[in-house]
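Please keep the sequence and the 3D view open as you read.

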Amino acid sequence: MKSRKSNLIQIGILAVLGLAVILSLLIPQLFRGRKEPQLLSLSVMLRDTDSSGWTVAREGMEQAADELGAELRFLTLAAAGDSAEQEALLLREIEGGAAALVAVPADPEALSSALDRWLVVCPTVTLESPMEGAAGVVAPDNAALGRQLAAALLEDWTGGEVLLLDTAGRCAGVAERLAAAEAALTEAEVPVRRAETLPEGDGTAWVMAFEPSATQRSAEKKEAEGRSFALYGVGTTAAITAQLERGSVAAMAAWSDYAAGYLAVRRAAEAARGEEGELAALPFLILRGEDIYAPENQKLLFPIMSSSSR
C-alpha cells in the first residue's frame, strides 16, 4: 500500500514537472508571436518655410505623441504658402503610410479637394483654419479674435487711418480675423485700408497684423527704422512677447500654442484609431505690455518655463 502511494506521488510530481517544462517552452513562443503595439505615424505639415514660430506648438505635439503612442514627422514648405507643394507633400505622406495628418492649410478649399478621397483612410486635423472633411480644427474663434483686437485699438485710437496687413493669402482663418476687425472699425467710422506689406515711411500711425509672422516682421521693422506707429497683432512666440514688453506691440491676441499642438495631435491620434472626439475653440486673451508678468498669464506666455518649474 505504501509502495503504491509512493508511486502515485512520484507520478504526480513528474506530471507537474512535465507540465512546467511544456509551459516554459510554450509561453515564450506565445509572447513572441504577439506583435508589439505599433506607433501611429502622424505627419505634420505647416504652411511656412521656417518652423521656428511653431516651437511651442511642437512641444505640445511631442508631449501628446509620447502619451498616445505616436511618432511625428514634421514637414515644411520650400516656399511659404505654396498650396500646390503642400498638397503634393501630404499626398506623398499618405502613400507612405501616414495614419493621420496635422496641417496648417495654405489653401483649405484646395487642400480639401486634393485630399478628398483619402480623408476616410487618413484623417486630417487642421490648425488655424477649418477645412471641409477634416476630423477637426484647432483654432481660436477667429471672428471674435478680430473684433476684440479691433476693440483694443479703438481704446487707444485718436484719429487717422488704420492699416490692415492683408497677409492671409488663401488662409481662411487669418482672413476671417482681418474681415471681422475691418467690420468693427468701419462700424466705428474709423477709416481703414488694406496692404500686403508695411509701406515704407508713409506716416501710418495705426497698424494691425493678423498672424504671428506678420506681427513679428512689423515690430522688427518698427524697431529697426525707429518708426512710431501703434501695432496690434497676434502670437505668443518669445520674440513677439519681448516686442510687447518693449512697447513695439501695443496689444496682441494670445492663445496657448502648446495647447494647440497637443490638442491637434491628440485629435489626429483619436481619428486614426476610429475614435470620436470634439474640439472646442481655443480660448484667447488680448494682452498689453503690463499684462505679461501677471501670474495668470505665465503659463500662456512662458509654457515651457512654467512646466519646468513645477
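## Before we start

A residue is called buried at under 20% relative accessible area, exposed at over 50%, and partly exposed in between, using a 1.4 Å probe and protein chains only. Helices (H or I, at least four residues) and strands (E, at least two) are DSSP runs, numbered from the N terminus.

This is a predicted model, in which local features need pLDDT of at least 70 and side-chain atom pairs count only at pLDDT 80 or more, while totals for chains, interfaces and linings use all residues. Residues are numbered from 1 along each chain as its sequence is written, and side-chain values use heavy atoms, with hydrogens and water left out.

Start with H7, which covers residues 212-225. Its 14 residues reach 20 Å from the first C-alpha to the last, close to the expected 20 Å; that expectation is 1.5 Å times one less than the number of residues. Just after H7, Gly226 takes a positive phi of about 65 degrees.

Which residues of H7 are buried? They are Ala214, Thr215, Ser218, Ala219 and Lys222. Looking down the axis of H7, the buried residues fall within an arc of 130 degrees, so they line one face of the helix. The arc is taken from the directions that run from the helix axis to the C-beta atoms. Their cover includes strand E6 (162-165), strand E9 (230-234) and helix H8 (238-246). Contact here means heavy atoms within 4.5 Å.

## The six-stranded sheet

E6 and E9 bring us to an open sheet of six strands, with the order E7-E6-E8-E9-E10-E11 and mixed pairing. Its edge strands, E7 (192-195) and E11 (285-287), each pair on one side only. Two strands pair if DSSP finds at least two bridges between them. E6 and E7 pair in the parallel sense over four bridges, and Val162 stands opposite Val192 in E7.

Two helices can be followed onto this sheet. H6 (residues 172-187) touches E6, E7, E8 (206-208) and E9, and its direction makes about 160 degrees with that of E7. H7 touches E6 and E9, and its direction makes about 155 degrees with that of E9. Axes are lines fitted to C-alpha atoms, for helices over the stretch in contact, and angles run from 0 to 180 degrees between N-to-C directions.

Now turn to E3 (residues 100-103), a strand covered on both faces. Ala100 and Val102 are buried on one side, and Leu101 and Ala103 are buried on the other. In a regular strand the side chains alternate between the two faces of the sheet.

E3 runs parallel to E1 (residues 40-45), joined by four bridges, and Val44 stands opposite Val102. E3 also pairs in the parallel sense with E4 (residues 124-127), over three bridges, and here the bridge partner of Val102 is Val125.

Is Glu128 buried or exposed? At 9% relative accessibility, Glu128 counts as buried. Glu128 lies in the loop between E4 and strand E5 (136-138) and has a positive phi of about 80 degrees although it is not a glycine.

Glu189 sits in the loop between H6 and E7, also with a positive phi, near 60 degrees. At 70% relative accessibility, Glu189 counts as exposed.

Glu270 lies in helix H9 (residues 257-272) and counts as buried at 18% relative accessibility. Leaving aside residues up to four places away in sequence, Glu270 touches Glu275, Glu276 and Gly277.
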